[in-house]
Amino acid sequence: MDYKIREIKKHEYPILSDFLYEAIFIPKGMDRPPKSIIEQPELQVYVEDFGKEDDWCLVAEVKGKIVGAVWVRIMDDYGHIDDETPSFAISLYEEYRNMGIGTALMRDMLEFLTRKGYKQASLSVQKANDAVRMYQKVGFEVIDENEEEYIMVCRLSCDGNVQMAGKFLPY
């Protein structure tokens, strides 16, 4: 699959609501919730007034169409660690999943955050979500958990490398 990863443009910010909905994990056998679910305050924190300081987004394009997005912001969300650690959100349209695009988006965002001087990034993920393995592959480690989800952190370094499972891998 031929795709391009780039920073989102300001006029494209509204598409983050679509990707927020796509990011909702639906366990096997469950129905998708109505799209209005993203209006709940605990989900709006991911997209409301996007574009402030510490808000960053990369998108993946296939033939000029945005098919996925990874965005971070410092927010009080499910993966909140502290007020200096950006939290991740990522999703792809279903037909573009399991092709390596999500992994590339994650790695590019981690590299971007490292260049910006962040020390770490965090996320929250349902334990049953297959994406857990991808997050571990790009360097996230479980630092806390509850019955349903993991809180994961990827430690970044000042020298332009991302720490992965105790090793530093250059980009």
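A: Lys-63 sits in the loop between β2 (56–62) and β3 (65–73). Strands here are DSSP runs of E, at least two residues long, and helices are runs of H or I of at least four, numbered from the N terminus. The model is predicted, so local features need pLDDT of at least 70, side-chain atom pairs count only at pLDDT 80 or more, and totals for chains, interfaces and linings use all residues. Residues are numbered from 1 along each chain as its sequence is written, and side-chain values use heavy atoms, with hydrogens and water left out.

Now the backbone. Most residues other than glycine have a negative phi. Lys-63 is not a glycine, yet its phi is positive, about 50 degrees. Lys-63 counts as exposed because its relative accessibility is 85%. Exposed means over 50% relative accessible area, buried under 20%, and partly exposed in between (1.4 Å probe, protein chains only).

Asn-98 comes next. It lies in the loop between β4 (87–92) and α3 (101–115). With a relative accessible area of 83%, Asn-98 is exposed.

Then follow the chain into α3. This helix is mostly covered, with 11 of its 15 residues buried. Among them are Ile-101, Leu-105, Met-109 and Phe-112. The expected span is 1.5 Å times one less than the number of residues. For the 15 residues of α3 that gives 21 Å, and its end C-alpha atoms are 21 Å apart, which agrees. After α3 comes Gly-117, with a positive phi near 95 degrees.
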